[in-house]
Amino acid sequence: MYFVDTLETEGLGNRSYLSGGPRAAVVVDPPRDIDRVLAAATRRGVRIAYVAETHLHNDYVTGGLELARVSGARYLVPSGAPVSFARTPVDDGDVFAVDEGVALRAVATPGHTPHHTSYVLEEDGRQVAAFTGGSLLIGTVGRPDLVEPRLTGPLARAQHASVHRLADELHDEVSVLPTHGFGSFCAGAPADGTESTIGRERAVNAALTQDVETFVAELLAGLEDVPAYYTHMGPANAAGPAPVDLTPPEPADAEQIAARLAAGEWVVDLRSRVAFAQGHLAGSFNFEGEGKLAAYLAWLIPWGKPVTLLAETPEQIADAQRELARVGIDRPAAAASGGPREWTVAGEELASFPRADFAGLAAALARGEEPVVLDVRRDSERKGAHLAGSVHIPLHELHARQGEVPPGTVWVHCAGGMRAAIAASLLDAVGRDVVAVDDGFDAAGTAGLPVVRTGTP
């Protein structure tokens, strides 16, 4: 009897899969931290016979090469992927026997990348699941603009054709098991749920319900900015990533942290946004360890800039280090656990800033105050609705565009509070007076604030 175990990487919105039979298994699109995969295989009591990549990933560093080396598995990589290491090249139609009665069949599905390959899991010749990587996602598809601008249009058309090929060749009951689409910026649109089948996708996926021209036009119109760190992921995966090093970073005391700040390095406080606002080391930035740490920190930080991690416990630092390694930030320069008093040199005051909700903003306006309202949501969110008179700078652009924020006290908001907290910390670090709006955007209208919606004056 076959099995499929899902390994979630929630911070990046991705999934990896361990699948096979009673004795042997294949791992599809493994994460950088392969100890999780090895533990899952141990729990199943299976040998890893194959490691399979659907494509060269643009959003994370793969652990595939190291997992294949450690486990002795064959490393399956699409033949068209430009890699510089030894692997088993995979072509359309190739079949690999994973275990008795369990096989993996390669299906060329270009679109997310030119070489993208999906894998169909078969048991005794019966199709049971499709590992679709960045091709057919749940209710959407992978974005086609991550390779080369001149290829975006052709790849969008190829994506439409590839999804139709999967729908034509696979039965309705076959499970759709994508890598991307659970919050990943690799998805062309937000995923529609967490589980699906080919039959369901036939009914709801735009790639299968729209003609190619409509599909391509709408897909391309909905694409947003590509995270800056993606530039570094593809080359790292093509070269063959080094094994991950998760040994603890060098510990830092208050004087060392101050020296790193003075040198222009990034000091990142992983505590909750509530705790950070109440008191923090002046000049530090707040990226909650419980949020999308890797995606947003990797997107905002100048690539290669040393980073020091601050957290309440060593375990929180270890969790953050693991997450950052998945996107190529391999070794924090230093780390410290405890609290802000321990991270601050004697005699130095802690920094802080207020938090509020949208009702608080409405009250400030009613008192006659004239705050700068800064919206740090993405363009698509802004297009749906925004506060009249607000300034719009997406979070990922704020570090480079701080000079564009008008003078005055800045009330910064996003859709829920996490990104607003990051933005507030960036502005606070350069001496701006800020208020972090920690509230859902839907509450803005309820609070009586003037909300401009699409199609309204």
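Let's start with Tyr296: this residue is buried, with a relative accessible area of 6%. Keep in mind that what you are looking at is a predicted model.

**Rings that meet**

Tyr296 has a ring partner, Phe185, and the two form an edge-to-face aromatic pair. This pair links distant parts of the chain: Phe185 is in the loop between strand S11 (175-178) and helix H4 (198-204), while Tyr296 belongs to helix H10 (residues 293-300), 111 residues apart. Phe185 counts as buried too, because its relative accessibility of 14% is under the 20% cut-off. Ring pairs also bring in Trp299, which joins Phe185 and Tyr296 in a cluster.

Another edge-to-face pair is made by Phe358 and Phe441. Phe358 lies in helix H13 and Phe441 in the loop between S21 and H17, so the pair ties together parts that are 83 residues apart in sequence. Phe358 counts as buried at 0% relative accessibility, and Phe441 does at 11%. The count for the model comes to 11 aromatic pairs. Here are two of them:

| Pair | Centre to centre | Angle between planes |
|---|---|---|
| Phe185 and Tyr296 | 6.1 Å | 80 degrees |
| Phe358 and Phe441 | 6.0 Å | 85 degrees |

The charged end of Arg377 sits over the ring of Phe441, 4.2 Å from the ring's centre. Over the ring of Phe182 you'll find the charged end of Arg15, 3.8 Å from the centre.

**A look at helix H13**

Phe358 takes us to helix H13 (residues 358-366), where Leu361, Ala362 and Ala364 are buried along with Phe358. Looking down the axis of H13, you'd see these buried residues fall within an arc of 160 degrees, so they line one face of the helix. What do the buried residues of H13 pack against? Their neighbours are strands S17 (372-375), S18 (385-387), S20 (410-413) and S21 (434-437), plus helix H17 (442-446).

Check the ends of H13 too. At its start, a side-chain oxygen of Asp357 reaches to within 3.3 Å of the backbone nitrogen of Ala359. After H13 comes Gly368, with a positive phi near 95 degrees.

Now for some strands. Strand S12 (residues 266-269) runs parallel to S13, and 2 bridges join them. To find the spot, look for Val268, which stands opposite Phe285 in S13.

Key
Residues numbered from 1 in each chain as written. Predicted model: local features only at pLDDT ≥ 70, side-chain atom pairs only at ≥ 80, totals over all residues. Heavy atoms only, no water. Pairing = 2+ DSSP bridges. Helix = DSSP H or I, 4+ residues; strand = E, 2+ residues; numbered from the N terminus. Buried < 20%, exposed > 50% of the residue type's maximum accessible area, 1.4 Å probe, protein only. Arc of directions from axis to C-beta. Contact = heavy atoms within 4.5 Å. Polar contact = N/O pair within 3.5 Å; in protein donor to acceptor, adjacent residues only side chain to side chain. Phe/Tyr/Trp six-rings, centres within 6.5 Å; stacked < 30°, edge-to-face > 60°. Lys NZ or Arg CZ within 6 Å of the ring centre and 35° of its normal.
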